[in-house]
Amino acid sequence: MLAFISRRLATAVVMLLVIGTIIFSLLIIVPGDPAELLLSTGGGSATPEAIANLRSTMGLDKPVLVQYATFLYDTARLDFGTSIVDSGSISSAIALRLPRTLEIIVVGAILALAVAIPTGTAAGLRAGGRFDIAASAVNALLTSVPGFVVGTLFIYFFAQVLGWLPAGGYVAFAANPAQHLQMLILPSVTVGLHLATIVFRMTRASVLEMRGHDWVRTAVAKGLRRKRVVRRHILHNALGPIITVVGLQLGILLGSTVLVEFVYNWPGLSGLLVSAVEQRDYPTVRAVILTVAAIFIAINTVIDILSSLLDPRIRLQ
Amino acid sequence: MTQAPLLDVQKLRKSYPIGRRGLFSRRTLNVLHDVSFSVAPGEVLGLVGESGSGKSTIGRAILRLIESESAAMRFKGQDLNTIPSGRLRDLRKDMQIIFQDPYASLDPRKTIRAVLSEALDAHGLHRGPARGPRLTELVNLVGLDPSFLDRRPHEFSGGQRQRIGIARALAVEPSFIVCDEAVSALDVSIQAQVLNLLADLRAMTGVSLLFISHDLSVVRFISDRVMVLYLGRVMEVGPADQVHFAPKHPYTAALVSAEPSLHRENRRIRLTGEIPSPLSLPSGCIFRNRCPYALPACADTVPQLQTVGDQHQAACLRHDIL
Amino acid sequence: MMSMPRIPTRMIVPSLLLAALIVIPFAAPLITAEDPIKMAVRYRLAAPDLAHWLGRDEFGRDRLARVLYGGQVSLTVAFVATSIACIVGTFFGLIGAYFRGPSEFITTRLSDIVLCFPPILLALLVVTLFGPGAGTLVAVLSVLYFPTFARIAFSEALRVTSLDFVEASRALGTPSRRIVLGTILPNIAGPLSVQYSLTAAAAITIESGLSFLGLGVVPPAPSWGQMIRGARQFMNQDPLGILIPCAALVLTIYAINFFCDRLRDTLDPKGGAGSGMDDVSAPLALANAPAIDDPDVVAMITDLRLETSRYGTPVAVIEEVSLTLRANQCTALVGESGSGKSLSSLALMGLLPGAIRQASGTLQLRRKSGDVVDLGFLDARTLEDIRGNDIAMIFQEPMTSLNPIHTISGQMIEAILAHRPMSKTEARSHAIALLKRVGMNDAERRIDSYPDQMSGGMRQRVMIAMAFACEPRLLIADEPTTALDVTIQAEIIELLQSLRQDQASGLSLLFVSHNLGIVADIADRVAVMYSGQIVEEGLADLILRDPHHPYTRALIESMPSSHEALHSTGGDRLPAISGTPPLPSARPSGCAFRDRCPIAIASCAEIRPQLYPSPDGERSVRCLRAPEAPGGLQMSRTEAA
């Protein structure tokens with residue numbers, strides 16, 4: 001077990017390193033001078049001093065290997081340098097905004113799992129039944145609505161037409177807990193909705209598959225109560241595939257969160273990212289993406305370890 | 001046997017690397033260990049063994065469908081180990097295979113005509129106007145109706161599919177066919193039909209068969225000689241009836257006695273212990289931990305095949321007690 | 001020689017919907033003459049009128065034109081990018097799977113890495129460097145999605161390559177290029193086309209999302225994401241502004257997803273496997289159950305008829321099956337695949353597959369308490385009490401019959417606790433005792449292992465131990481040794497025999513098998529099934545030694561082990577019967593066996609034979625020509641052969 005965990009952790013570190021290297025080398029393989037490229041806006045090009053200035057702040061004047069080593073060293077210390085737009089520390093900007101993004105995702109994920117696993121199980125157990133047909137149809141429709149469309153429509157109905165909830169914005173929890181939670185509802189439901197459609201689909205398929213296995217027949221033949229058969233011999237087995245898929249989908253989830261935050265003016269990582277992309281603030285973009293990739297890898301590592309606890313076959317390999 | 005053998009295999013080995021434990025100590029799983037045999041023209045050699053004995057691996061290694069090592073592997077005098085790939089394609093016309101699973105062995109998307117044509121096309125046989133009559137001849141040969149040619153596999157029963165598989169193998173007029181558990185998946189009444197078909201085809205065309213099966217009675221009925229494998233090693237080889245009715249190796253004897261039969265009173269030879277993992281085989285004779293006749297000496301030396309009768313060999317120190 | 005498969009009915013609606021949604025945007029010039037980028041600020045946010053069906057946007061541009069032309073952009077970006085990704089990915093995947101080696105490594109590792117990036121973030125990264133635009137989007141999306149295709153193509157091709165028919169093509173000497181393109185590619189086209197639809201939908205989502213952020217398609221070129229972005233500020237005055245592009249976007253993605261779902265269902269129809277988790281419909285008209293007076297009778301099947309609707313109308317898969325199972329007796333149910341022997345035994349457990357329904361007949365069981373119950377009439381709770389307690393069952397596949405994620409002890413203890421009130425510790429020691437009884441050495445230690453750590457023979461011993469956990473009165477063994485090697489098979493049969501003998505409560509064993517040799521070893525009575533009916537039944541010795549039904553005789557005669565003197569090289573042939581068993585939907589009139597029967601006469605086609613009992617009642621046979629039948633032949637075995 002320990003060997004398995006350390007192997008998984010090592011893989012995670014290697015993955016991070018590879019991703020960091022890819023992100024780093026993107027700037028190198030760009031044709032032309034990256035500093036010039038980043039400073040060019042629309043038609044006009046920047047002054048030579050500005051370019052030279054950027055080259056030295058980004059360290060682009062040093063040899064590539066030195067740049068690479070510096071990049072790795074700084075990243076390992078969680079020092080992402082300074083923004084080329086306002087010269088602020090990127091690390092502290094991320095530290096400020098990351099928790100807000102995680103809040104939406106965690107609340108959204110909890111909502112999604114709480115709704116989708118029971119409904120998915122019910123649909124899978126009675127595949128082809130009335131509930132399954134209705135739930136699957138609703139799910140198919142919801143799957144087809146991109147997150148930012150859900151957000152826009154939610155704002156229109158719940159904020160504009162019904163006036164139940166604020167259209168967006170952010171208040172710190174410490175400043176006004178009630179308002180904070182109120183503002184949290186729409187963004188997290190929007191994020192959760194998307195995840196829920198995926199989890200529902202996966203749970204249904206997984207339960208349907210597990211249901212057909214011989215060991216379920218054995219369990220029934222032993223005279224176990226139906227509930228116990230479902231819990232121990234169907235759901236327990238289905239959980240591994242479900243959380244693995246959830247882990248892989250988190251990448252898409254993290255991405256759609258960017259849009260959702262933007263829709264609701266939620267000042268998480270996305271505001272930072274979108275404005276950085278608009279202003280071609282490459283160091284900031286790079287830092288945000290590295291952070292998100294690191295979170296993604298961390299979550300998947302945890303999930304791998306979790307599934308090995310659920311399924312001895314993974315450990316025993 | 002005075003004729004030159006059609007196929008001659010010397011010291012065939014096959015191993016797979018398994019689970020890397022660190023960078024350097026790669027463990028290997030030996031599924032075949034120095035298997036030597038030959039098949040005469042027109043002969044049927046039966047290959048018997050339980051799961052894990054490596055019998056299917058032998059068939060695929062001979063056809064070069066998987067890579068293997070051997071001291072020599074000659075087919076019609078040509079060395080299969082060193083043959084260039086262009087010549088290998090020509091040789092494939094001469095060596096064919098019939099599979100166990102009648103459902104997996106036919107492409108569900110192809111009609112029977114397409115299946116058989118692929119075989120002929122691969123070697124440019126019976127092109128143009130000669131194609132039609134040849135296809136009719138082939139399906140007739142295996143006892144099917146020519147109207148079946150334009151149907152797809154899902155319209156056929158297991159026995160019919162197996163006949164199509166046989167027709168595909170016969171299409172290129174091979175002189176040697178590997179029958180890999182070719183009748184094992186069939187119900188007994190269908191199995192008898194297919195066995196008779198194989199026996200007829202063999203009598204008609206003089207084709208040699210390597211007949212791989214776990215069913216001893218089937219192998220005895222169809223084969224001239226039988227070779228018994230256990231964990232990738234040859235235990236006994238000899239004329240079919242002799243091996244079946246007067247086995248010289250305790251493992252063969254146990255196999256025969258374990259086989260359920262309607263007519264023989266079963267005096268079962270009790271095997272103790274479990275089949276060892278191929279990763280940790282016993283020293284000396286690999287069968288000794290289950291052998292009712294094992295002596296301390298069996299742990300020291302690996303028994304070699306020795307002649308125990310006319311064309312009959314067994315790898316057992318105690319072959320004379322049976 | 002590929003022929004176009006016909007379009008299945010259920011694909012028609014999604015295909016038409018998808019086609020319409022793809023064609024309509026590209027038919028924009030035929031639908032409206034308006035220019036999507038011509039501004040008319042005077043008419044900003046004008047309501048719909050005859051010339052502008054959907055009104056005008058915040059710059060006074062015609063909204064219908066913008067939606068249609070915006071669709072062109074979204075669809076083009078999505079489908080061009082998806083096609084590139086599909087072609088490149090499939091190429092890499094196929095190469096990797098067929099030739100293995102380094103290309104395999106590249107294919108799998110590369111996709112691992114790309115899959116790590118949230119797609120939209122990677123797109124943003126590239127947009128930062130190269131600036132927004134449709135060209136950038138196509139490039140990013142193709143790079144993003146080709147690893148997924150490579151992965152699917154790789155794993156599917158790997159699966160197909162290992163199939164016998166690909167091996168057959170290689171053995172025939174078909175060139176590699178033709179095997180890959182002619183055999184492997186058509187067989188992996190299904191999953192790839194499903195992935196193609198999924199990816200196209202995802203690509204539209206990403207394109208519109210980026211455009212929504214203002215980082216996708218560059219204005220003034222129209223795009224749905226941009227339209228939503230622009231209309232957001234005016235959603236109060238002009239809700240149509242957001243609703244229309246939202247609807248267009250959702251409808252398009254939905255159409256693709258709908259198409260994809262149906263495609264997946266069509267390509268991969270999942271049969272409903274019977275596991276007892278299906279909702280079994282109650283039998284319709286049940287005959288009155290006969291009273292069971294004989295205390296020795298443990299279970300009695302009377303006139304069982306099972307139907308399936310697979311062939312459109314209900315067709316009997318089993319009919320007129322009656323069987324009496326007695327204490328201290330082993331009854332063997334013998335037949336070839338499709339004869340209905342397994343279904344008969346599953347019916348006793350209430351484990352029939354969902355597609356099969358009990359149409360009539362009774363399934364009576366004498367419980368340990370002495371009560372006789374009809375299994376067809378019980379509520380689910382009582383049935384649960386009976387399973388594992390009064391009736392136990394062992395199955396054919398020991399490798400899959402145990403749950404791989406629970407230990408042996410966990411699975412045995414729950415079987416015991418389901419019916420016995422005792423503590424977990426007591427149940428555990430009971431389980432260890434059971435394992436010792438089935439001949440497992442070192443049971444105290446091995447009880448805590450997982451099924452995957454055991455051989456097939458050991459797992460079957462565990463299954464047997466579990467079946468005996470509550471000392472059932474009836475044990476059903478459905479082909480318990482078929483998946484095992486012959487030496488292991490012999491051990492398991494020996495074990496079953498010894499367990500039968502030391503069972504004080506008078507176990508009745510129903511042994512389902514196709515192997516007459518094993519049956520001869522273990523059975524007291526034999527019932528031979530053919531095409532859903534019992535054709536011969538009686539004392540095992542009598543039936544196997546002197547079969548009266550021509551099918552039973554053919555079964556025995558077909559076995560090579562019945563002919564130790566015959567040898568193919570001597571020109572001998574096995575006495576085989578011709579033909580194959582009929583499908584339940586295509587049984588001949590009269591006797592179901594007459595097509596293959598060597599002694600059939602004209603009346604066999606007209607009269608449906610009954611099970612005719614012999615005068616001493618020791619056997620019965622369903623054949624007009626059997627000695628038991630009125631006017632049947634008085635023949636011996638040699639006469640018929």
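Of the 641 residues in chain C, 52% are buried, where buried asks for 20 or more other C-beta atoms within 10 Å of a residue's own, exposed for 12 or fewer, and partly exposed lies in between, with C-beta atoms placed from the backbone. This is a predicted model, in which local features need pLDDT of at least 70, side-chain atom pairs count only at pLDDT 80 or more, and totals for chains, interfaces and linings use all residues. Residues are numbered from 1 along each chain as its sequence is written, while chains are lettered from A and ligands numbered from 1 in the order in which they are written.

Let's stay with chain C for a moment. Its secondary structure comes to 21 helices and twelve strands, taken as DSSP runs (H or I of at least four residues for helices, E of at least two for strands) numbered from the N terminus. The radius of gyration of chain C is 34 Å, whereas a compact globule of 641 residues would have one near 26 Å; the radius is taken over C-alpha atoms, and the globule rule is 2.2 Å times the number of residues to the power 0.38. Along the principal axes, the C-alpha atoms of chain C fill a box of roughly 105 × 65 × 55 Å. An automatic or database domain assignment gives the bounds of domain 1 (57-267), domain 2 (399-471) and domain 3 (550-562 + 574-640) of chain C. The centres of domain 1 and domain 3 of chain C, taken over C-alpha atoms, are 61 Å apart.

Now for the neighbours. Chain C brings 64 residues into contact with 61 residues of chain A, a contact being two residues whose C-beta atoms, placed from the backbone, lie within 7 Å. H10(C) supplies the largest share of this side of chain C, ten residues. By class, the side has 41 nonpolar, 15 polar and eight charged residues; Ala, Val, Leu, Ile, Met, Phe, Trp, Tyr, Cys and Pro count as nonpolar, Asp, Glu, Lys and Arg as charged, and the others, Gly among them, as polar.

Towards chain B, 49 residues of chain C are in contact with 58 residues of chain B. Here H7(C) gives the most, with eight residues, and the side of chain C has 23 nonpolar, 19 polar and seven charged residues.

Finally, have a look at helix H4 (residues 131-141) of chain B, whose buried residues are Leu135(B), Leu138(B) and Val139(B). They lie on the same side of H4(B) because they cover an arc of only 90 degrees around the axis, judged by the directions from the helix axis to the C-beta atoms. The buried residues of H4(B) pack against helix H3 (112-122) and helix H5 (158-171) of chain B, while the face turned away from the buried side carries the exposed Pro133(B) and Asn140(B). Just after H4(B), Gly143(B) takes a positive phi of about 80 degrees.
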